[in-house]
Amino acid sequence: MSTEAKDTASPQAKKQKTTDIPEFTSWMLDSEDKTPVALEQLKKLGVLHWRLDVGQFEKEGKLDELDEIAKERGYKNRDQIECSHDKMPNLDEKLKIFFEEHLHDDEEIRFVLDGSGYFDVRDFDDKWVRCYVQKGDLLILPAGIWHRFTLDDKMFIKAMRLFLDEPKWTPHNRSVKEVADRDARKAYEKEFLASA
């Protein structure tokens, strides 16, 4: 089974598709008409997406397709995070941190187990693309991409975080001038922006 990012839902997701779980969507945030952004365009930015079968994970505590992707990409560790007022008393303060434009030195990998939210990423023209993630979405943001995260009006998301090494989440905020010179940003610019 190939684990290459696809423009359509996985076969498992197609079998279980319901009207209450729409396809993954992304759009230009600054456009009045929410101009759609295709998965192929996100892929050019280094952003990858899969729709996985959360039902298998809920029943068996594992997910073969996720394990295959993790093995192929070298993810060795994982944990879970729940962003809600019940589980995170300081949620409002955390959301301010998550929404500050930043980058990471490693990929940011999120598999949404429940709930929903928004990842915003910068495109080639430094404009925001909003990605709506919900139950079943696996989203991978490349190291060095400017991005931010927030919840939608449901104010709840539960996600598995995957890591190359030990679990860590260290944001490097764009407001700090030196961050633009980080190795991860330079590598991102070379791989994705130079060919734009």
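Modeller: Start with two strands: S2 (residues 48-51) and S7 pair in the antiparallel sense over four bridges. This is a predicted model: local features need pLDDT of at least 70, side-chain atom pairs need 80 or more, and totals for chains, interfaces and linings use all residues. Residues are numbered from 1 along each chain as its sequence is written, and side-chain values use heavy atoms, without hydrogens and water.

Biologist: What makes S2 and S7 a pair?

Modeller: Two strands pair if DSSP finds at least two bridges between them. S2 and S7 have four, so they pair. Histidine 49 stands opposite leucine 139 in S7.

Biologist: Why is S7 called largely enclosed?

Modeller: Buried means under 20% relative accessible area (1.4 Å probe, protein chains only). Five of the five residues of S7 (residues 137-141) are buried, so the rest of the structure largely encloses this strand.

Biologist: How do you know that both faces of S7 are covered?

Modeller: In a regular strand the side chains alternate between the two faces of the sheet. Asp137, Leu139 and Leu141 lie on one side of S7, Leu138 and Ile140 on the other, and all are buried.

Biologist: Which strand supplies the largest share of the lining of the largest pocket?

Modeller: S5, with four residues.

Methods:
Buried means under 20% relative accessible area, exposed over 50%, partly exposed in between (1.4 Å probe, protein chains only).
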